[in-house]
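Open the model in a viewer and keep the selection panel at hand. The stops below go from one selection to the next.

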Amino acid sequence: MAKKGARTTEMADYEVHVPLQAVLLADSFAQKFRPITLERPKMLLPLVNVPMIDYTLEWLASAGVEECFVFCCAHANQITSHLNKSPWMSQPDFTVSIIESHDCVSAGDALRVIEQRGVVRGDFVLVSGDTVSNMSLTEVLKEHQERRKKDKLAVMTMVVKKSKPSPLTYQTRLGNDELLLMIDPQSKQLLHYDAVREPGSRDSLQGNYVQRHVSLDRSIFHDRPVVQLSNNLQDCHIDICSPEVLLLFTDNFDYQQLRRDFVKGLLSDEIMGNKIFTYEISNEYAARVDNLRAYDVVSQDIIHRWTYPMVPDILCAGPKASMRLERCNVYKEGGVILARTAMIGENTVLGEDTTVGDNSSIQQSVIGRGCTIGKNVVIEGCHIWDDVRIEDYVQLRYSVVCDGATVKKGAILEPGVVLSFRVVIGSEFRVPAYSKISMVPQPTEEDSSDEELEYADVASGRADSPRSPFTEDQSTRNGSISGDEDDTAEGPNWDPIEVGETGAGYRWAVRDGGQEEEWRHSVAPIPPEKIQEIAAANSEHDVEEVDYDIRALGGRDSLEEEEDEDEEEEDDFEKEVAETFLRAARGVSGVQQEHVVIEVNSLKLAFNKTFADCAGAMFKAIIDLALEAPHPTAKELLSITKDVFSRWGSLLCKFLKGSDDEHEVLLTFEEICIESHKEFAPLFSQVLHMLYDIDVVSEDAIIAWASEKQYADESDKVFLKQSEKFIQWLKEAPEEEDEDEEDDT
Amino acid sequence: MVGTTSGYEAAVDQFVTKMRRRQVVGSQSSAKLTAELLRLVVSHQRLPSSGQAAALIEAVKAVGVRIIAANPIELALGNIVRRVLHIIREEDVSLASDSILDSTLDSDDEDEFGNVARQSALSAVSVAAATRNTLRAPSLYNLLESVPGTAATQVARVPSATESEARSRSGDRNLMSRKLKHNVIEAITELLQEIDNCHSQVAEQALEHIHQNEVILTLGRSVTLREFLKEAKKKRSFQVVIAEGAPRYQGHMLARELADVDLQTTVITDSAVFAMISRVNMVIVGAHAVMANGGVVAPVGLHMVALAARRHAVPFVVLAGVHKLCPQYPHNPDTLLNDLKSPSEIIDFGEFSDCLDGSPGGSRTHVVNPSFDYVPPELVSLFITDTGGHNPSYVYRLVAEYYSPEDYVL
């Protein structure tokens with residue numbers, strides 16, 4: 001209790017109205033959008049012609065967030081200047097403050113910086129700047145706060161949404177790995193969080209698919225009649241956090257990522273007992289643009305209006321240029337000039353002042369502002385940003401083309417190509433699938449550590465890899481880094497082999513995970529041959545696939561045994577606690593009270609016990625100690641007991657977290673009196689009084705015990721009758737004491 | 001924007017964001033907020049010494065364009081902006097005609113204007129309202145165009161005896177401007193009251209339309225309709241059949257509300273409307289907007305109901321407060337007639353997410369969730385507005401009464 005005292009008082013007064021705050025991480029601390037993010041931060045990349053961060057801010061503002069802290073790290077100046085230019089800084093009931101830091105390499109660092117600044121005062125919404133959502137926060141906040149009133153350990157509420165992963169690739173629509181969540185359907189508590197990554201990159205190269213096993217802690221099943229294991233939930237990366245989350249990050253300075261480290265850390269670490277809960281949204285939309293596939297999918301969702309009112313014709317509304325929605329989800333902004341023979345297919349957005357030449361066809365694409373598209377151009381499933389020039393007879397399929405890029409006459413972009421800012425593709429050149437071309441040369445491994453911060457994750461990722469717990473859990477990203485192949489060493493001049501005769505730009509060598517993995521995260525749809533390949537591989541392993549083998553920790557295998565073992569375990573646990581205690585009591589060298597606390601805590605975890613169990617066992621141990629000394633008469637026994645308790649009572653108190661635990665102590669004591677040590681029976685009420693005096697048990701617990709016993713059998717009431725007087729006194733006393741307390745405060 | 005340090009900028013910004021985020025629901029509350037905002041704009045606007053009306057119109061227009069752009073689907077916003085513009089023009093003219101009356105100076109004006117002036121001179125100042133009505137007539141609208149000129153001449157005029165107890169020569173301009181502003185603000189306040197009272201005004205006529213033991217059919221929910229039915233329930237007993245109004249199912253809510261006042265209600269699915277219509281005496285519905293040709297922009301599904309009603313010769317009655325009356329025609333491409341909402345109202349994203357993604361050549365499924373239907377005027381039997389019942393063919397006349405033609409296009 002004392003250890004946590006400071007923290008409890010801090011969170012106790014959150015009932016005072018604090019403005020709803022949000023922490024927006026305007027840095028992804030990842031490099032999935034490279035090479036684009038070398039020149040512009042990810043949060044400012046246009047998603048359907050609106051910078052991503054504007055979606056997030058718009059949502060936060062309309063959901064009633066009053067204060068938003070934008071944390072920027074890489075390209076902080078760009079984000080700051082964007083925000084200063086935007087109307088966000090002058091909103092009447094929505095203040096945006098920018099927190100800049102330049103030495104953060106992960107979300108964990110960012111949260112630690114925010115904790116240091118001490119700006120967060122109450123529960124806050126933690127999102128990253130690439131979140132697109134239209135959900136209302138009222139309901140989830142209410143749930144979170146109500147839970148917090150009952151249970152201070154409910155530190156976080158995670159928003160999840162149903163979305164089916166593809167059954168073949170075990171991948172969600174957003175290009176993330178399939179997620180396995182275990183939730184208690186009644187309390188909505190999150191019990192397990194695991195990204196199921198099946199065909200690991202290297203394994204799939206060898207055609208050898210890893211078995212899909214999930215290890216679940218057996219203790220999860222302990223006191224829950226039902227648990228729900230679902231793989232169709234998508235993590236929206238929207239969290240309602242209590243201020244303790246920041247403290248937890250500060251305490252555990254090795255927490256880097258929110259999900260991989262923090263959530264998993266919290267779920268596996270039960271010493272603090274912090275809990276995470278989930279909140280499922282159904283009608284509302286929430287998604288995070290984590291990779292290029294997500295970028296494409298979320299764009300399409302926006303165009304299909306799932307994100308209403310975050311849709312182009314509303315977001316881009318203004319007296320100057322307004323976006324018009326036409327049939328089949330075609331959005332046109334003012335000043336668009338289309339040739340009469342141009343064909344604009346469905347799900348297309350055309351930005352302001354864009355011109356499209358004769359016989360060009362555009363489908364399922366987003367075209368930015370001020371683009372020039374020539375004649376006989378084919379554009380399908382592309383994301384073309386502002387001021388792009390596309391000359392005649394160019395074919396673009398499923399590509400991302402950044403600001404100011406030029407694709408010269410007759411060039412062809414195969415699916416999955418990314419052209420970064422101002423790249424020029426020479427005429428008649430064919431860009432192979434999944435190439436990434438940038439004006440910035442690809443950083444070599446050496447300079448990555450001390451250059452731009454967007455690189456930083458490379459360094460940290462590598463630093464992580466020797467640390468076994470993380471790499472085991474999620475070898476997805478880190479494992480793949482080592483599989484680099486550095487086959488293209490380019491010179492300072494632009495290589496016509498890379499970008500064509502008159503082109504400009506460096507072609508980046510595929511880095512994370514090799515070519516094989518590119519299709520997972522690219523904007524291009526998964527190629528049919530890939531799907532076939534996976535399907536074929538899967539059918540071989542059909543048997544394992546459906547078999548969710550629930551393996552308990554600690555070598556115990558099946559659930560049926562559990563019941564029988566429980567009894568044995570009980571005895572073992574008590575024995576262990578007693579031994580631990582006696583070691584301290586007998587003054588075995590160096591064993592101190594604190595050590596006992598730590599040891600018993602770890603026993604608690606090992607045997608998966610509650611604090612009440614600990615308290616009960618500890619109490620038994622203390623009584624045993626008292627009985628060790630010779631005690632010819634009852635009176636002497638009482639005095640010995642008093643001595644022992646005055647010495648060790650404080651230790652016992654460490655395990656008394658609430659009146660339930662104290663109640664348990666009383667029950668244990670009763671049990672002792674009846675069963676094992678009958679010599680205590682006549683002393684029951686005196687010992688009870690003594691326990692009360694040294695604050696081991698509170699009057700609440702005694703009264704609760706008494707009222708429970710009232711309806712018990714006559715035989716059970718022996719001790720109740722014995723201590724009737726004392727209880728009577730207790731019941732009368734409170735008024736006086738209460739008054740005293742009030743005077744004190 | 002116009003405003004240099006105008007005090008209303010912040011309020012306008014806030015209103016625009018609110019509208020853009022679709023945080024104001026319902027045309028009545030939108031109309032009310034717009035009128036309140038424009039009243040603020042008018043009261044904060046500094047006016048130059050000459051051409052005050054023009055300056056005021058300019059300011060209101062600038063704000064109006066912004067609010068309309070913020071939510072082009074809520075046509076009530078534009079309506080109120082145009083109403084306010086009309087009010088300003090009207091007040092300016094009546095002020096001019098008043099002063100002309102006072103000074104009995106009519107020789108240097110056009111003939112028609114002189115007629116008006118003389119006409120009102122006959123019937124004293126208290127009949128100024130009547131004058132205004134005369135001015136509204138479209139045949140006289142060329143008069144309105146000459147307004148700034150009139151105002152200018154008037155300023156140069158010698159102050160008259162009747163008006164000038166405590167007025168000095170130099171204070172004339174000031175007072176004139178204050179008077180115009182004052183009148184406009186007063187008229188906007190009246191407009192606000194009118195918006196506030198529109199439900200009760202419409203409901204008052206309920207007894208004329210609903211008779212004992214009739215069966216009324218409606219779709220979805222409308223506050224005007226609810227008040228209308230409640231009012232009728234006070235004297236008559238009748239039945240209501242409510243089509244639920246998928247996908248928002250507001251019909252369910254209406255049914256509950258009507259059950260609270262002991263009205264016999266039956267909830268049916270939208271697709272059962274045609275089956276039920278033969279047993280129905282009258283269809284009464286609320287509207288989102290009424291266009292100048294008498295067509296109605298109404299919650300989705302009403303076109304179908306209107307066709308069913310026509311097939312069985314059941315009267316199709318539309319309730320609409322005057323603020324829903326639009327001066328635009330539905331074939332105007334600049335008028336947005338529909339709002340496509342999120343498909344999640346229709347279909348669950350989770351169940352559907354695996355069909356959304358593009359196989360090459362486009363995603364396989366589209367889900368479209370429009371909010372409104374356009375019901376052509378031929379299918380509407382009667383409009384009940386706060387000013388009484390009107391034929392669809394009469395709507396253009398109402399439009400002429402409430403709006404100035406100059407403001408149709410802002």
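Two strands count as paired if DSSP finds at least two bridges between them. This is a predicted model, and the predictor gives the complex an ipTM of 0.80 and a pTM of 0.73.

**Stop 1: a strand pair in chain A.** Select Ala154(A) and Lys275(A): Ala154(A) stands opposite Lys275(A), which belongs to S13(A). Now extend the selection to residues 154-162, strand S8 of chain A, which pairs with S13(A) in the parallel sense over 7 bridges.

**Stop 2: the whole sheet.** Which strands make up the open sheet in chain A, and in what order? Its 7 strands follow the order S5-S4-S1-S6-S12-S8-S13, and the pairing is mixed. Go to residues 95-100 for S5(A) and 275-281 for S13(A); these are the edge strands, each pairing on one side only. On average, neighbouring strands are turned by 30 degrees against each other, direction ignored.

**Stop 3: a helix across the sheet.** Select residues 138-150 of chain A, helix H6. H6(A) lies across S8, S12 (233-241) and S13 of chain A, and runs at about 145 degrees to S8(A).

**Stop 4: the cores.** The largest nonpolar core has 149 residues. Val23(A), Leu24(A), Cys68(A), Val70(A), Phe71(A) and Val125(A) have the most contacts inside it. Helix H10 of chain A, residues 292-303, gives the most to this core, with 7 residues. Another core, of 98 residues, lies apart from it; Val42(B), Leu180(B), Leu225(B) and Val280(B) are among its members. Back in chain A, pick Cys68(A): beyond its neighbours within four places in sequence, its contacts are Ala22(A), Leu24(A), Leu57(A), Leu60(A), Phe94(A) and Val96(A).

**Stop 5: chain B.** Chain B has 16 helices and 12 strands. Of its 410 residues, 42% are buried. Colour chain B by pLDDT: the mean is 81, and 77% of the residues reach 70 or more.

Notes:
Residues numbered from 1 in each chain as written. Chains lettered and ligands numbered in written order. Predicted model: local features only at pLDDT ≥ 70, side-chain atom pairs only at ≥ 80, totals over all residues. pLDDT = per-residue confidence, 0-100. Core = buried A, V, L, I, M, F, W, Y, C linked by C-beta atoms within 7 Å. Buried ≥ 20, exposed ≤ 12 C-beta atoms within 10 Å, placed from the backbone. Helix = DSSP H or I, 4+ residues; strand = E, 2+ residues; numbered from the N terminus. Contact = placed C-beta atoms within 7 Å. Axes fitted to C-alpha atoms, helices over the stretch in contact; angles between N-to-C directions.
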